[in-house]
Amino acid sequence: MRDDTICAVATAIGGAIAIIRVSGPEAIAATDRIFSKPLSQAGGQTLHYGWIIAPAGGVEGEGEVVDEVMVSVFRAPHSYTGEDATEISCHGSRYIVNRVMQLLIEGGCRQALGGEFTQRAFLAGKLDLSQAEAVADLIASSNRAAHHTAMNQLRGSVSTELSALRDQLMLMTSLLELELDFSDHEELEFADRSELQQLSHTILAHLQHLASTFAAGSAIKEGIPVAIVGKTNVGKSTLLNQLVGEERAIVSSVHGTTRDVIEDCITIEGICFRMIDTAGLRSTTDEVEQIGIGRTFRKLSEASIVLWVVDEVPTPEEMADMESRCQEKQLIIVNNKTDIADLTPTLRQLIASHKDGSLDIIGISARQGESIPALRQAILRAAHLPDLSSSDAIISSARHYDALRQAEAHLSRVIVGLDSGLSGDLLSEDLRLCLHSLGEITGQETFSSSAVLENIFSRFCIGK
C-alpha cells in the first residue's frame, strides 16, 4: 500500500482556493511532470509559484495551461505522512480541480481512500492511533469543548498518560518473567510481591480515573442531551425557542400542539447541549398524541439533564414519579410564567422533603425572556464537566473506553492473584493481556489487524 502514490482534494470544492494533496514515493516527480518549473531538486518545506500545464501530444511546451498555482514541497520524513509529498494550491473551480486530479492520475497517482493520508502518518510513526483518531475528532469539532478535547488528544495527552502506565507494567512483567528464567531456583524472587501489589493498585486507580472521564468526554463530543418535559401548555416550546434564539417550535394555546420531538443545539460557554422539546404529558385518547408522549418518555430516559417545566406546584405523586424517572440524571425544576405567579418559594418547601432540597429550581418567564441566562448557567452546572482549561486526558472514544475496561479487568486479576499467592507465570500472563489492551488504544498492538485500522480510518474524509 505504501509503495504507490496517492492524491486527493483536501478542501471543499467551490471555494476560492482548493488544495490537492499528493503523497508517496513519486509525489514530487508526478507533480513535476505537470508543473511549469522543475521540482526534482526542490528542497523540503519550500513553496513554488508557477502553472499547471497539461501535456499536448507529448510535445514539451505545447500543453494547455490549466491554472496558476502554488506548489508546496515536502521531503520525507518531514511531512504529514512521513513520505515525499506535495500540496497544489489552485483556484477552486470544479473544472480546474478535476482537471488537475485527472492529470495526476494519468501520471501514475491513485485516488486516495478516506483517511489514507492520516493512516500513512500512523504507519510511518508520525502519530499513534489515539492521535490519528483525534484528527477526525478535531475536524468534526463544532464547539470549544470538543475542539479542546480533540486538540489535547492530538498533542498526546492520552498517549503520554498511557505510556507512563505501560512503562510501569512492562517493568512488572520483566521482573516476573526474569523469575521464570531461573525457575530451577525457587528461592529467587526478583519482583517484590508487596511492591507489585502497591504498584498494581496505583495503576488500577489511574485506569479507573481515565475510564471515568468517558461520560464527560462522550457528552462533549456528541453534545449533552437535555430533555424539556412537562404537562401541555406549560411553555416548553416557548422555552426551547428562547434557548436557541429562534422560532424552532410552534407555540399555541391549544393543548397537545407539540406531538413529536424537536431537537436543536445551543452552546453555553463552549459546551454543546442538545435541547429536546417533547410532547406534553397528559391523559389523552388521541392516537398520534399518545405516540408523541411515548417518545417523550423515551427521550427523558436517554437525557443526561431534564428540565421539568411547571406552572403549578406538582403533587407529591407527580414529584415521586418524576424523581423515579430521573434517577442517575440531573433534574432541574423550571418554574415558568413567573410573570403571572412565582411559585419558587412553595416549590422549595416541597423539594425540602425530597432529595434534601438539593434539586435546582429556577424561576423564569419564557414568554418575557426573564431569567433565561440563569437557567443556562444552571444547565451548565448540571453537566458536571471537568475543567476544560487543564491539559488532563479525557477519554471520548468508545473504543478507548472498552480497551481501558478490559485492562482494568486484567489488572484486577493480577491483584487477586497476588493476594492468593499465584505463581509468576500466571501473574505475567494477565499483565501481558493488560499491556495488550492498553496497546490497542495507541496502536502498538494493532499492526497485524488490518480490520481494526480499516474500521478506524474509514470514517475520515477524503484528503485527510
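**View 1. Strands 8 and 9, side by side.** Cys265 has Arg274 in strand 9 as its bridge partner. Strands 8 and 9 run antiparallel and are joined by 7 bridges; strands count as paired when DSSP finds at least two bridges between them. Strands (E, at least two residues) and helices (H or I, at least four) are DSSP runs, numbered from the N terminus. This is a predicted model, where local features need pLDDT of at least 70 and side-chain atom pairs pLDDT 80 or more, while totals for chains, interfaces and linings use all residues. Residues are numbered from 1 along each chain as its sequence is written, and side-chain values use heavy atoms, without hydrogens and water.

**View 2. Around Phe273.** Setting aside neighbours within four places in sequence, Phe273 is in contact (heavy atoms within 4.5 Å) with residues including Ile224, Ile305 and Ile379.

**View 3. Asp277 in strand 9.** Asp277 belongs to strand 9 (residues 271–277). Asp277 is buried, with a relative accessible area of 0%; buried means under 20%, exposed over 50% and partly exposed in between, using a 1.4 Å probe and protein chains only. The C-alpha atoms of Asp277 and Val226 are separated by 8.8 Å, though the two residues are 51 residues apart along the chain.
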